[in-house]
Each structure stands twice: as C-alpha cells, then as structure tokens.
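User: Hi! Could you walk me through some of the labels used for this structure, and show me how each one is reached?

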Amino acid sequence: MDLIEIKKLKQFDDSRGSLVFLEELNDINFQIKRVYYLFNLNCNEPRGFHAHYQTEQFAICIAGSCEILLDDGQKRQTVKLDKSNMGLYIHKMIWHEMYNFSGDCVLLVLASQKYNEQDYIRNYDDFVKEVNKLTEF
Ligand code: TYD
C-alpha cells in the first residue's frame, strides 16, 4: 500500500490572486477539531518524530516547501510538499518526520482530534511494538 496519499484541492486563480478552500468531510475525510501551523522553521532541524494512536491529519505546505517522511512500521516513503493546493494525509499510526524546510515554509495542519499528549507515540521502538500489536491477528 502506498503511504503517500495526496489530495489536490481546487484552486481559483484570477487577476487578484489565488484562493484554495477545503471543507471537512467533503474535501477531506474527517471532521476538523484542530488547526495548527509551523513557520519560522530551521531547515537543519527536523520535526515530528512521532505517530498518533487516533489523530488523523492533513498537511498543506501553504508557502515554500518541505519534505515529509511517513513510516508504517514496515516501510518508509518520503514526499516533497511544495504546492499550496496539495495536501498530504497523515493517517493515525503513521510515524512522521518533517524536514528540509525552505526559509519561507508555512506548513498548515488540520487534525481530527484536539491536542492530547496521550495520543502521541514519541519513541520509534514503542511505535513498532504498537503496530505489531495491531497486526498480530
Ligand atoms: P511538537 O509535538 O514538539 O511539534 P512537532 O510535531 O512539530 O515536532 O510540539 C511543540 C509544542 O507545541 C509542544 O510543547 C506541544 C505543543 N502543541 C500544542 O500545545 N498543541 C498542538 O496542537 C500541537 C501540535 C503542539
């Protein structure tokens, strides 16, 4: 299974500029409970390094570019996000790392759950153990 699930959002361009929108459950497949964004990023300092038990996320690089690594405990894939109308699903129980941020990068993330530290798996070995528990049957 491909870990990289990109959704192209509709973009409206005219002489005034560009507009992109998305609606929960229409353009992305979950209800949005939280929005956060990363900016002023240091290209030498990767972020993320965790997975979520429950939270589904949709990440859009609305300015600049960055790369995201996704890992399901068996394989790793990377993708470059560099378009403001291109969103990446980061599903639950997917280890993710963000890196190679351009100086102007703004990464917008929509999440299906409110912030809850209990939903994080921040240790990679623990993540692999949790994945194995789910696939034992
Ligand atoms: P952190 O998990 O380190 O960010 P990243 O996933 O990019 O590596 O989060 C940085 C801080 O922000 C940390 O103290 C937790 C806090 N935080 C919130 O309070 N709410 C949120 O929605 C998020 C994503 C982080």
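**Rings, cores and strands**

Analyst: Happy to. This is a predicted model. Let's start with W95, which counts as buried because its relative accessibility is 4%, and buried means under 20%.

User: What makes Y124 partly exposed?

Analyst: Its relative accessibility is 27%. Buried would need a value under 20% and exposed a value over 50%, so Y124 counts as partly exposed.

User: How many aromatic pairs are there, and why is the pair of W95 and Y124 called edge-to-face?

Analyst: The structure holds seven aromatic pairs. In the pair of W95 and Y124, the ring centres are 5.2 Å apart and the planes stand at 85°. Rings pair if their centres lie within 6.5 Å, and planes over 60 degrees apart count as edge-to-face, so this pair is edge-to-face. W95 belongs to strand β10 (residues 95–99) and Y124 to helix α1 (residues 124–134), so the pair ties together parts that are 29 residues apart in sequence.

User: Why is the pair of W95 and F127 called tilted?

Analyst: Here the distance is 5.8 Å centre to centre, with 40° between the planes. Stacked needs planes under 30 degrees apart and edge-to-face over 60, and the rest count as tilted, so this pair is tilted. F127 is also in helix α1, whereas W95 is in strand β10, so the pair ties together parts that are 32 residues apart in sequence. Both W95 and F127 are buried. Ring pairs link W95, Y124 and F127 into a cluster.

User: What lies over the face of Y124?

Analyst: That is R76, at 5.4 Å from the ring centre. The distance cut-off for a charge over a ring is 6 Å.

User: Which residues have the most contacts inside the largest nonpolar core?

Analyst: They are C66, I68, L70, L81, L88 and L107, in a core of 20 residues. Strands β6, β7, β8, β9 and β11 each supply at least two of the core's residues. Apart from this core lies another, of eight residues, including L9 and F30. Among the residues that L107 touches are Y36, I60, C66 and M98.

User: How do you know that β1 and β9 are paired?

Analyst: Three bridges join β1 to β9, and pairing takes at least two, so these strands pair. They run antiparallel, and K7 has G87 in β9 as its bridge partner. Both strands belong to an open sheet with the order β1-β9-β6-β11-β4.

User: What makes β1 and β4 edge strands?

Analyst: Each of them pairs on one side only.

Terms used
Residues are numbered from 1 along each chain as its sequence is written. This is a predicted model: local features need pLDDT of at least 70, side-chain atom pairs count only at pLDDT 80 or more; totals for chains, interfaces and linings use all residues. Side-chain values use heavy atoms; hydrogens and water are left out. A nonpolar core is a set of buried Ala, Val, Leu, Ile, Met, Phe, Trp, Tyr and Cys residues joined through side-chain atoms within 4.5 Å. Buried means under 20% relative accessible area, exposed over 50%, partly exposed in between (1.4 Å probe, protein chains only). Helices (H or I, at least four residues) and strands (E, at least two) are DSSP runs, numbered from the N terminus. Contact means heavy atoms within 4.5 Å. Rings of Phe, Tyr and Trp (its six-membered ring) pair if their centres lie within 6.5 Å; planes under 30 degrees apart count as stacked, over 60 as edge-to-face and the rest as tilted. A charge sits over a ring if NZ of Lys or CZ of Arg is within 6 Å of the ring centre and within 35 degrees of the ring normal. Lists of a residue's contacts leave out its neighbours within four places in sequence.
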